[in-house]
Amino acid sequence: MVTGDLDSAERLFLQALDAAPNQAEILYHLGQLYLLEQNKDLAFSYLRAAAKNATDARIRDNANLLIQQNGGG
């Protein structure tokens, strides 16, 4: 994602998600990626899942913040 190769990033994140379906960090990064692609509905879905599955308050709080900042109330 950092290099701008969003297609490769998406593919890798989805592979990681297959291996660990409820991993909040992966869900969070997929949410970020879809925000970059302007796919807010999909982004919010992943960010909400990240917040729900987060064991770390920082991930939960950041996921909720991204949702709010991007109009997902």
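Biologist: What radius of gyration does the protein have, and what would a compact globule have with 73 residues?
Modeller: The protein has 11 Å, and a compact globule of 73 residues would be near 11 Å, so the two agree. That radius is taken over C-alpha atoms, and the globule rule is 2.2 Å times the number of residues to the power 0.38. Keep in mind that this is a predicted model: local features need pLDDT of at least 70, side-chain atom pairs count only at pLDDT 80 or more, and totals for chains, interfaces and linings use all residues. Residues are numbered from 1 along each chain as its sequence is written, and side-chain values use heavy atoms, with hydrogens and water left out.

Biologist: How many helices and strands are there?
Modeller: 4 helices and 0 strands, counted as DSSP runs numbered from the N terminus (helices: H or I, at least four residues; strands: E, at least two).

Biologist: Which helices do Tyr34 and Tyr46 lie in?
Modeller: Tyr34 is in H2 (residues 24–36) and Tyr46 in H3 (residues 40–53), so the pair ties together parts 12 residues apart in sequence.

Biologist: Is Tyr34 buried or exposed?
Modeller: Buried, at 4% relative accessible area. Buried means under 20%, exposed over 50%, partly exposed in between (1.4 Å probe, protein chains only). Tyr46 counts as buried too, at 17%.
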